[in-house]
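Here are some exercises to work through with the sequence and the model open side by side. Try each task before you read its solution.

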Amino acid sequence: MQYQRSFNFSAGPAMMPEAVLEEIRDEMMNYRGSGMCVMEMSHRSKVFQQIVEEAEADLRALMQIPDNYRVLFVQGGGTVQFAMVAMNLMKNGKACYVETGAWSKKAIAEAKKYGEVQVIASSADKNFSYIPDCSDLPIPEDCDYVYICENETIHGVTWNTLPNTKGHVLVSDQSSMFLSRPCNVSDYGLIWAGVQKNIGPAGMAVVIIREDLLRDDLNAYVPTYMNYKVHADNDSMYNTPNCWSIYCCGKVFRYLRNLGGLEEMQRRNEEKAKVLYDFLDTSSLFRAAVVPADRSVMNVPFVTPSKELDAEVVAAAKAAGFDNLKGHKSVGGLRASIYNAMPKEGVEALVSFLKDFEATHQ
């Protein structure tokens, strides 16, 4: 059957590599001679154990994860991790957060349920259009950790220089930029990423946590499933995990390794983002929303002079085969999410469409 796939600019769930989808399709009814689909098999089976072991091994190789860090596959997405981070890491009941957009704001609100939260830097004064200077932050000595959202999906800002945490544990939400560029894992105490943006289907988060942060002495109110050490002690198999997501993410990890790893992904991502930003910076109708130094190469928010024209662009784009260009409901405007799986050709086609739209709306 012939079909035409859309260029899907959704912020998540988002595009997956076509080669990965085709491989999953080919294994759907009979995974490697097992006689069943991965969705049907026991997570305790030898077949699935091999799947999860290969997924972790490929991720470790991709990111060069040190041996003193554990890789966890945890059900749920960011909303679960907002709470888990605070529940597990607040020893002194105090944490510092940098507020750079919608998702760090949500993390702050959740963490306040479990301890004292200090917002030590914020870019709210300019509608989260930049990353604040974090070279000399007012971090209390008894602060348990410093938290950042390293790429804000909604506001389209990214960190190019990590904050100076003055020796405190750094926690990063990498959901919308995970595996898009090299990452020195040793700079962090904990990295987590909801997988539905850049690596797989919704319903799971990858957590990379330094072993010394795993604790037996959590407060009694912490549910068993919300304890990182429980997941680590059971190799992410304390209960039935999100088997399908682990399987799909494992395919993506291997795919990225075969492409040349994270250095190659960074090259590709910067190349295709430049195509879009170069157009926006010279356009008389469209305007990028973020200062150049802090622009995300994954999520590109932009606007026209009016909400009505924004809506017209979205409708025309949909008709032309470009899906999910509408900005998040909280900020409006337009947004193109151009994750790893978005080909350069998709960005070039979008720019061509925007140029034509501009020419007819002068």
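α3 and α4 are oblique to each other, where oblique covers the angles left over once under 35 degrees is called roughly parallel, over 145 roughly antiparallel and 65 to 115 roughly perpendicular. Before going on, note that this is a predicted model, where local features need pLDDT of at least 70 and side-chain atom pairs count only at pLDDT 80 or more, while totals for chains, interfaces and linings use all residues. Residues are numbered from 1 along each chain as its sequence is written, and side-chain values use heavy atoms, with hydrogens and water left out.

**Exercise 1.** Work out how the axes of α3 and α4 cross, and which residues make the contact.

Step 1: find helix α3 at residues 78-89 and helix α4 at residues 102-111. Helices here are DSSP runs (H or I, at least four residues), strands are runs of E of at least two, and both are numbered from the N terminus.

Step 2: the two axes come within 9 Å and cross at roughly 45°. Axes are lines fitted to C-alpha atoms, for helices over the stretch in contact, and angles run from 0 to 180 degrees between N-to-C directions.

Step 3: F82, A83 and A86 of α3 meet W103, K106, A107, E110 and A111 of α4. Contact means heavy atoms within 4.5 Å.

## Aromatic rings

**Exercise 2.** Classify the ring pairs that F286 makes with F279 and with F302.

Step 1: the whole structure holds 14 aromatic pairs. Rings of Phe, Tyr and Trp (its six-membered ring) pair if their centres lie within 6.5 Å; planes under 30 degrees apart count as stacked, over 60 as edge-to-face and the rest as tilted.

Step 2: F279 and F286 have ring centres 5.9 Å apart and planes at 50°, so this pair is tilted.

Step 3: F286 and F302 are edge-to-face, at 5.9 Å centre to centre with 70° between the planes. F286 lies in the loop between α7 (261-282) and β9 (287-288) and F302 in strand β10 (residues 299-303), so the pair ties together parts that are 16 residues apart in sequence.

Step 4: one aromatic cluster takes in F7, F9, F279, F286, F302, F322, F353 and F357.

## A buried contact

**Exercise 3.** Are A102 and I154 buried or exposed, and what does each touch?

Step 1: A102 is buried, at 14% relative accessible area, and I154 is buried at 3%. Buried means under 20% relative accessible area, exposed over 50%, partly exposed in between (1.4 Å probe, protein chains only).

Step 2: leaving aside neighbours within four places in sequence, A102 is in contact with E152, I154 and H155.

Step 3: I154 sits in the loop between β5 (145-149) and β6 (169-173). Leaving aside neighbours within four places in sequence, its contacts include A102, W103, P301 and H328.
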